Amino acid sequence: MRIGIIGYGNMGRAFALGLKDSYDVIVFDKDISKKEISVKDGLGFASSVEFLLDSVDLIILSIKPQDLTSLKGLNFNGKSLVSMLAGTSVSKLKEYAKDAYITRIMPNLAVVYKKGVIAFYSEDIKKDTIKSILAHLGKVYELEEKHFDAFTAIGGSGPAFVASIVEAMRLSGVYMGLNKDMSYDLAIATIEGTLELLKAYNEEDLVLKVSSPAGTTIEGIYNIEKSGLKGILMETFIKAYQKSKNL
Ligand SMILES: NC(=O)c1ccc[n+]([C@@H]2O[C@H](COP(=O)([O-])OP(=O)(O)OC[C@H]3O[C@@H](n4cnc5c(N)ncnc54)[C@H](OP(=O)(O)O)[C@@H]3O)[C@@H](O)[C@H]2O)c1
């Protein structure tokens, strides 16, 4: 399977690097300075977008949504087109790529480490093959298009919100006299361990397991409940969802 990537920016490069060991990948970017980067990455750089379209079986589109108009007039010849353009529906994509089989995805940045989450909606006859290709980059969730905004809030923005929690843990450690680097390391190691525990217990059971009667943990849990912190966190995700819907 030969894969062509249009747009060799942050995400296009992450996809290319994640797929190049398993597939034949070539790339194209209108910014010619990206050629040097792709060559250093060991990837062929197509001389034109038309050349790329002629030479591949599947096209991954990783340009900015506002650049979609630049695809007008291109011939996709019934090939598979996978678009990661935020807020850009399949019906919108069809306006610019009438003769393509379209798949819409929404990845998060962790695809760089092949630990991404990827929302997936496909109208392609080769949908199962495309899904298995994307699985090289992380966990693929097949969803109705109407759920892409919710996915964006949890999976797309989620890493930034979790990073804010790490920041709060680190700052608390510093407040209590820990060295800032040690405090950061401790926060990360605690989260890594918690993820393992969450594979064994659901979140409610874990809270009870860690909370000894009249102990330190239940003191903190009491503060979480009393302050409405969970509600504030939910509101944070819901605000991201509403923003995504209104883009
Ligand atoms: N970054 C994320 O975390 C993330 C997460 C999920 C989804 N996405 C989606 O992924 C897409 C790419 O985002 P990004 O952050 O990788 O953007 P980016 O770094 O700006 O990369 C886009 C690249 O595409 C080039 N380009 C624009 N029009 C082109 C055309 N017609 N043919 C070939 N190349 C073209 C741009 O060149 P110029 O710079 O010269 O315009 C740029 O090098 C966006 O649609 C975004 O919504 C991003």
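What follows is a short chat about a predicted model and the terms used to describe its parts.

Reader: How do you know that helix 11 lies largely in the open?
Author: A residue counts as buried when 20 or more other C-beta atoms lie within 10 Å of its own. Of the 18 residues in helix 11, the number that pass is 1, so the helix sits mostly in the open.

Reader: What makes the 26 Å reach of helix 11 close to what's expected?
Author: The expected span is 1.5 Å times one less than the number of residues. Helix 11 covers residues 229-246, which is 18 residues, and the expected value comes to 26 Å; from first C-alpha to last, the helix reaches 26 Å.

Reader: And the chain as a whole, what share of it counts as buried?
Author: By that C-beta count, 28% of the 247 residues are buried. The secondary structure comes to 11 helices and 8 strands, and the C-alpha trace spans about 70 × 40 × 30 Å along its principal axes.

Reader: Why is the largest set of 45 residues called a nonpolar core?
Author: The name calls for buried residues of listed kinds, Ile, Leu and Phe among them, joined through C-beta atoms within 7 Å. The largest such set has 45 residues, and Ile-5, Phe-15, Ile-59, Leu-61 and Ile-118 have the most contacts inside it. In soluble globular proteins, nonpolar side chains tend to be buried together.

Reader: Which residues does Ile-118 touch?
Author: Leaving out residues up to four places away in sequence, the partners of Ile-118 include Ile-105, Met-106, Pro-107, Leu-134 and Leu-137. To count as a contact, C-beta atoms must lie within 7 Å, so each of those partners meets that cut-off with Ile-118.

Reader: How are the domains divided, and what joins them?
Author: The assignment gives domain 1 (2-151) and domain 2 (158-246). Their centres are 34 Å apart over C-alpha atoms. On the domain 1 side, the classes are 3 nonpolar, 2 polar and 1 charged.

Conventions: Residues are numbered from 1 along each chain as its sequence is written. This is a predicted model: local features need pLDDT of at least 70, side-chain atom pairs count only at pLDDT 80 or more; totals for chains, interfaces and linings use all residues. A residue is buried if 20 or more other C-beta atoms lie within 10 Å of its own, exposed if 12 or fewer, and partly exposed in between; C-beta atoms are placed from the backbone. Two residues are in contact if their C-beta atoms, placed from the backbone, lie within 7 Å. Helices (H or I, at least four residues) and strands (E, at least two) are DSSP runs, numbered from the N terminus. Domain bounds come from an automatic or database domain assignment. Ala, Val, Leu, Ile, Met, Phe, Trp, Tyr, Cys and Pro count as nonpolar, Asp, Glu, Lys and Arg as charged, and the others, Gly among them, as polar.
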